[in-house]
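Q: Hey, can you walk me through this one? I'd like to go bit by bit.

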Amino acid sequence: MQSLCVHECDISRCAEHVAKAIRPGVPVLLFGPMGVGKSTFARALLRVLIPNVAHIPSPSFPIMIAYSGSQGTIWHVDLYRIEVFSDIAPLGLNETIMADCCIIEWPDRLGPWMPKQYISVSLDFIRANQQDDTGLGDQALWREIAIDMSGGA
């Protein structure tokens, strides 16, 4: 697992790294607390995969949004509003994960549908400290991003 300490402006660079490994059947699972930047990371990843995409809305309410890219169909999935596992079945997500490229926020809600192979991206907040050389001072919020592209557990 590779762990990086990045400022928000570097999230795109991390997304470029992950974009090289994304493929159908191996979803990108985005872990982290509310507000840490899972959607920001997903948008950055989609912009790398589909450079001409104009608008990337949040899938919080539709839950799944499909995009067409050079890798085929790419799904941005946000499971935050899923309260019980049985709510996932009507979405056809299990089949979608196997057939297409998927970026999934809140993957802990997949329950028994957690794929065997996946790319894990874990985001967490950390505060900038005295080593902050950006000139932004102690108020700068940094994120730690751990990326595991070994194929899952």
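This is a predicted model: local features need pLDDT of at least 70, side-chain atom pairs count only at pLDDT 80 or more; totals for chains, interfaces and linings use all residues.

Q: Where is Trp 106 found?
A: Trp 106 lies in the loop between strand 5 and strand 6. Helices (H or I, at least four residues) and strands (E, at least two) are DSSP runs, numbered from the N terminus.

Q: What's phi like at Trp 106?
A: Its phi is near 60°, a positive value in a residue other than glycine. Most residues other than glycine have a negative phi.

Q: OK, zooming out: how many helices and strands does the chain have?
A: Three helices and seven strands. From the N terminus on, they run β-α-β-α-β-β-α-β-β-β. Of the chain's 153 residues, 44% count as buried.

Q: Which residues touch the most other members of the largest nonpolar core?
A: In that core of 29 residues, they are Val 18, Val 28, Phe 41, Leu 45, Ile 103, Val 121 and Ile 145. Helix 1 (11–19), strand 2 (28–31), helix 2 (38–49), strand 3 (64–69), strand 5 (101–105), strand 6 (119–127) and strand 7 (141–148) each supply at least two residues of this core. Helix 2 gives the most, with six residues. By the way, a nonpolar core is a set of buried Ala, Val, Leu, Ile, Met, Phe, Trp, Tyr and Cys residues joined through side-chain atoms within 4.5 Å.

Q: And what does Leu 45 contact?
A: Leaving aside its neighbours within four places in sequence, Leu 45 is in contact (heavy atoms within 4.5 Å) with Ala 15, Val 18, Ala 19, Val 28 and Ile 103. There's also a second, separate core of 14 residues, which includes Leu 29, Cys 102, Ile 104 and Trp 106.

Q: At what angle do helix 1 and helix 2 pack?
A: About 60°, with their axes 8 Å apart. Axes are lines fitted to C-alpha atoms, for helices over the stretch in contact, and angles run from 0 to 180 degrees between N-to-C directions. Helix 1 and helix 2 are therefore oblique to each other: under 35 degrees counts as roughly parallel, over 145 as roughly antiparallel, 65 to 115 as roughly perpendicular, and the rest as oblique.

Q: Which residues meet there?
A: Ile 11, Ser 12, Cys 14, Ala 15, Glu 16, Val 18 and Ala 19 in helix 1 meet Thr 40, Phe 41, Ala 44, Leu 45, Val 48 and Leu 49 in helix 2.

Q: Last one: is Ile 50 buried or exposed?
A: Ile 50 is buried, with a relative accessible area of 6%.

Notes. Residues are numbered from 1 along each chain as its sequence is written. Side-chain values use heavy atoms; hydrogens and water are left out. Buried means under 20% relative accessible area, exposed over 50%, partly exposed in between (1.4 Å probe, protein chains only).
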